[in-house]
2 protein chains.
Amino acid sequence: MFTLAEENYLKAIFHLEHQLKSGVPTNAIAERMETKPSSVTDMVQKLADKQMLSYQKYKGTQLTVEGRKIAAGVIRKHRLWEVFLVDKLNFNWDEVHEIAEQLEHIQSSELVGRLDEFLGHPEFDPHGDPIPDKHGNLKLTQKKLLSELKENQHGICVGVKESGTDFLKYLDTKKISIGSEIIVLGIEDFDGSMNIQVEENQFFISKKTAENLYVKTN
Amino acid sequence: MFTLAEENYLKAIFHLEHQLKSGVPTNAIAERMETKPSSVTDMVQKLADKQMLSYQKYKGTQLTVEGRKIAAGVIRKHRLWEVFLVDKLNFNWDEVHEIAEQLEHIQSSELVGRLDEFLGHPEFDPHGDPIPDKHGNLKLTQKKLLSELKENQHGICVGVKESGTDFLKYLDTKKISIGSEIIVLGIEDFDGSMNIQVEENQFFISKKTAENLYVKTN
DNA sequence: TTTAATTTTTAGACTTACCTAAAAATATAA
DNA sequence: TTATATTTTTAGGTAAGTCTAAAAATTAAA
């Protein structure tokens, strides 16, 4: 089994690999984990000993197949619990992350299986991110940034890129939430701002906002 | 906030106080926690510093009002999660303890409140033990040992005293589970063994078994 | 390509929660 | 009540995971 710290490192490296595509630098891990690079070096060497990742001094790290499986398992639990919190306990989707961060470390494969069943085998969490299956396979998300849409296209809001509390609160004031239909009425060329419609309301959003919102088109 | 270890100590001392009624000796804690007395001394001194219990060298310990509140909160979470696992995820009542042992440490009062709501404000866990309310108040259980019943009395099984896996498995083979109605047909004076009826089946159980089963009469 | 800046690692230290072994206090028995 | 047994504490040590400060390797710039 793995300690809480080990699981968190594996999860962080998993996410960073998806962003960076290449070997993950020590500093990138330190930044994401909000810890010091020297601590990362220690842990990375420990995880390398456990065959969870390959590591060469000064060259960054890469998860092994096994390491990826463990990380995906943690992420699976995290996202399943988020679905539980939102669907069953009626939490708002901007309130569940911290709690899921704890719940993801509960050890019991039986529990995960039954929770998955109870929730109806969901494929996406409340932020629109895909839930890895029990083998650790993660289906590609078809979500795209709102800023990628053209005029008159519409999309369903499936998540956010940076899930800072401020941003999520801003969305709430605009009545934008998971599942909202967003219609692009117009785009300003010079600053990329958008005029959009959500439910019955029309308003402007900045390019920065549009680049932080994920939507699904179909 | 409290560490996982601190919460476990407070919980253990809380349970021991109910059993022993007097100051809780270091060795009793060590035995229950499956740790060494010297470790207990360390932790007990730390918890005394935090005003969670009163402690005098060689005299045992006693929880403060605050310490009791924290312990009751952990137990509340443990028992609520057990209800969740059995009622919602269809776990058998002999499978939930280890998992609840982990879930009880999840920190979020909001979560506890919503879970309680979701479960319909249950008053007893699947083993028949009362669930402390949000203020830490624990209602007295009216359950008694099966061995305390007289001939021809009947009771509803609400729990077990020692919840070892072996014993729980034995109960399953006899089709005794939470909610089973048990009728005492006869008692042997010389060894205290009982002839009982459960559902349609009649059979003998030893005194030891009868002293390990809690029932509720009314 | 030599120097400067950045990244990464090493070395040594700290905290938590545990341990063993020995000493001290308390309880029990002769 | 003295001696023995038991309980409890103290002293010192270990492992996990973190830190700071300094050294080493790599990358970027002059």
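Because the model is predicted, local features need pLDDT of at least 70 and side-chain atom pairs count only at pLDDT 80 or more, whereas totals for chains, interfaces and linings use all residues.

**Stop 1: chain A as a whole**

Select chain A and colour it by secondary structure; there are eight helices and eight strands in this chain, where helices (H or I, at least four residues) and strands (E, at least two) are DSSP runs, numbered from the N terminus. The radius of gyration of chain A, taken over C-alpha atoms, is 19 Å, close to the 17 Å that the globule rule gives for 218 residues, so chain A is as compact as a globular protein of that length; the rule itself is 2.2 Å times the number of residues to the power 0.38. Along the principal axes, the C-alpha atoms of chain A fill a box of roughly 55 × 40 × 30 Å.

Of the 218 residues of chain A, 35% count as buried; a residue is buried if 20 or more other C-beta atoms lie within 10 Å of its own, exposed if 12 or fewer, and partly exposed in between, with C-beta atoms placed from the backbone. Among the contacts in chain A with a separation of 6 or more, 57% come from residues 24 or more positions apart, two residues being in contact if their C-beta atoms, placed from the backbone, lie within 7 Å.

**Stop 2: the sheet of chain A**

Now select the strands of chain A, six of which form an open sheet in the order β3-β8-β4-β5-β6-β7, with antiparallel pairing; two strands pair if DSSP finds at least two bridges between them. Which strands lie at the edges of this sheet? The edge strands are β3 and β7 (201-205) of chain A, each of which pairs on one side only. Further in, β4(A) and β5 (residues 181-187) of chain A pair in the antiparallel sense over three bridges, and here A:H154 stands opposite A:I183 in β5(A).

Next, select A:N152, which is found in the loop between β3 (144-145) and β4 (154-160) of chain A. Is A:N152 buried or exposed? A:N152 is exposed, because it has 9 other C-beta atoms within 10 Å. Show A:V184 as well: A:N152 and A:V184 are 32 residues apart in sequence, yet 5.1 Å apart in space, C-alpha to C-alpha.

**Stop 3: a proline in chain B**

Move to chain B and select B:P132, whose place is in the loop between α6 and β3 (144-145) of that chain. B:P132 counts as buried because it has 23 C-beta neighbours inside 10 Å. Leaving aside residues up to four places away in sequence, B:P132 touches B:A72, B:I75, B:R76, B:N137 and B:L138. B:G73 is 59 residues from B:P132 in sequence and 7.3 Å from it in space, C-alpha to C-alpha.

**Stop 4: where the two chains meet**

Show both chains together; 13 residues of chain B are in contact with 13 residues of chain A. On the chain B side, the elements that give two or more residues are α5 (97-103) and α6 (109-118), and the largest share, four residues, comes from α6(B). By class, this side of chain B has seven nonpolar, four polar and two charged residues, where Ala, Val, Leu, Ile, Met, Phe, Trp, Tyr, Cys and Pro count as nonpolar, Asp, Glu, Lys and Arg as charged, and the others, Gly among them, as polar.

Chain B can be laid on chain A with an RMSD of 0.1 Å by a turn of 180 degrees and a shift of 0.0 Å along the axis, the copies being superposed by least squares on the C-alpha atoms of residues with pLDDT of at least 70 in both. The two copies are thus related as by a two-fold rotation axis. To find this axis, select B:L103, whose C-alpha, at 3.8 Å, comes closest to it among the residues of chain B.

**Stop 5: the DNA strands**

Finally, select DNA strand C, which is surrounded by 19 residues, the closest being A:P25, A:N27, A:S38, B:T3 and B:S38; a residue is near a strand or molecule if its C-beta atom, placed from the backbone, lies within 6 Å of it. The largest share of this surface, four residues, comes from α3(B). Around DNA strand D there are 19 residues, and the closest are A:T3, A:S38, B:P25, B:N27 and B:S38. Here α3(A) gives the most, with four residues, and the surface divides into six nonpolar, nine polar and four charged residues.

Conventions: Residues are numbered from 1 along each chain as its sequence is written. Chains are lettered from A and ligands numbered from 1 in the order in which they are written.
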